[in-house]
Amino acid sequence: MLILGIESSCDETAAAVVADGDRILSNVVASQALTHEKYGGVVPELASREHLRKITPVVDEACRQAGTGLCQVDAIAVTEGPGLIGSLLVGLTYAKATALALNKPFIGVNHLEGHIHAVLLQNRSERRAGTAEAEARFPNVTLVVSGGHTCLFRVETIERDGCPRFSYRRLGQTRDDAAGEAFDKVAKLLALGYPGGPVIDRLASSGNSRAVDFGRVRLKGNPLDFSFSGLKTAVLYRLRGTDLQIEASERRAWLSSRREQGRAVSPQELRERCSQATVDLVASFQAAVVDDLVGRTLAAAEQEGVECIFVSGGVACNSLLRRHFAEAAQRTGLPVLFPSPALSTDNAAMIAAAGYFKLRAGECADRSLTAHASFPLGA
Ligand code: KG4
Ligand code: ZN
């Protein structure tokens with residue numbers, strides 16, 4: 001069964017063709033990073049215009065790479081929310097119009113459900129190839145951690161008529177910034193480039209993560225909730241009125257002149273423009289975020305008594321996060337499963353994979369399918 005997946009919830013226009021829910025025949029992503037770079041964050045109006053420009057070529061390319069045509073796909077799965085409304089509407093309208101014109105079923109997928117299915121997709125394809133180190137098990141605790149979301153879910157499956165149905169319970173979520181958003185904002189404060197996560201990840205490898213003690217984030221109420229805005233403010237206070245701030249202003253001017261010249265900045269060039277104190281600061285910030293994410297996820301797994309942890313979303317690419325979870329898995333015997341980096345960040349293969357199970361369960365959408373900026377997953 002061939003599913004065409006379409007994803008346009010934020011700043012990536014993506015299309016993919018996935019066979020039987022676990023064979024990725026194509027996975028095409030057109031990134032808008034260059035469009036939003038100079039603003040240090042996604043500009044919604046520019047994002048929708050860019051999606052409109054890219055959606056047709058991206059879908060065509062996904063079909064070409066998969067060696068199929070739109071007429072041959074069995075169904076179209078599309079992200080219906082949450083996300084930027086103008087961005088979501090581009091992918092959703094394209095998917096719905098194409099499905100109606102070709103008389104095919106179409107399926108609305110929650111973006112967060114897509115991120116959860118990215119882990120299952122990765123595991124199912126590794127198992128088919130005989131390379132899986134562990135088996136994806138349910139119930140599990142899943143951490144979805146990206147630029148827009150930081151949520152913990154309990155995920156269960158029930159087999160009905162030979163088809164698994166997934167159910168989600170939200171255990172905790174961020175009360176302010178998402179973890180990826182905090183990476184992006186700290187990178188903007190320090191003029192390190194956009195998106196901030198990958199830049200900070202690379203720089204931190206040459207920094208001392210114990211240089212600055214940010215302390216633990218303490219929250220009243222649900223201990224499985226997150227909060228990252230205080231950490232970002234703490235970085236700002238460390239910066240204000242110091243040499244680090246002067247250094248950041250100089251770097252900002254340098255980055256913008258390089259942008260005007262259309263010249264890319266290599267990681268090494270950026271490192272040369274950063275003092276050791278700046279690198280130590282970002283390494284300490286990253287360590288504080290990772291500590292918090294790992295700590296609360298392990299606490300959720302213990303609370304729920306599950307035998308497996310999934311981690312997905314753009315921040316799941318972070319090398320320190322992967323290392324700390326791998327160490328925790330060794331220590332506790334609880335397998336922690338990640339998607340590949342390409343399946344961790346926004347992509348349409350995860351939407352097609354989630355759509356596959358919905359199609360099998362008969363959960364197709366009708367003409368009333370529409371986009372939702374806010375679209376919580378699970379109770
Ligand atoms: O999942 P994603 O592509 O989009 C959303 O659904 O938000 O995640 C993008 C986010 C950005 O905030 C980016 O800075 C962050 O993921 N990110 C990382 C890394 N790679 C991407 N954060 C930390 N370390 C990384 N290596
Ligand atoms: Zn995402």
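## Who lines the largest pocket

Helix 5 makes the biggest contribution to the lining of the largest pocket, with six residues. Keep in mind that this is a predicted model. The pocket itself holds about 1300 Å³ of space. Its lining runs to 47 residues, and the ones closest to the centre are Cys10, Ser146, Gly147, Gly148 and Asp184. Besides helix 5 (179-189), the elements giving two or more residues to this lining are helix 4 (111-129), strand 7 (150-160), strand 8 (163-173) and helix 6 (196-204).

Where does the largest pocket lie? Domain 1 (2-135 + 342-360) and domain 2 (179-334) both give residues to its lining, so the pocket sits between them.

## The second largest pocket

Next up is the second largest pocket, with a volume of about 700 Å³. Here 32 residues do the lining, and Glu37, Leu192, Gly193, Tyr194 and Leu255 are nearest the centre.

Which element gives the largest share of this lining? That's helix 8, with five residues. Helix 8 spans 243-260, and at least two residues each also come from helix 1 (33-36), helix 5, helix 6 and helix 9 (267-272). Sorted by type, the lining of the second largest pocket has 16 nonpolar, seven polar and nine charged residues.

## Between the domains

The second largest pocket also gets lining residues from both domain 1 and domain 2, so it lies between them.

Methods: Residues numbered from 1 in each chain as written. Chains lettered and ligands numbered in written order. Predicted model: local features only at pLDDT ≥ 70, side-chain atom pairs only at ≥ 80, totals over all residues. Heavy atoms only, no water. 1 Å grid on protein atoms, 1.4 Å probe; cavity = no way out; pocket = protein on both sides within 12 Å on 5 of 7 lines; lining within 4 Å. Points joined across faces, edges and corners; volume = space filled by probe spheres on them. Helix = DSSP H or I, 4+ residues; strand = E, 2+ residues; numbered from the N terminus. Domains from an automatic or database assignment. Nonpolar A, V, L, I, M, F, W, Y, C, P; charged D, E, K, R; others polar.
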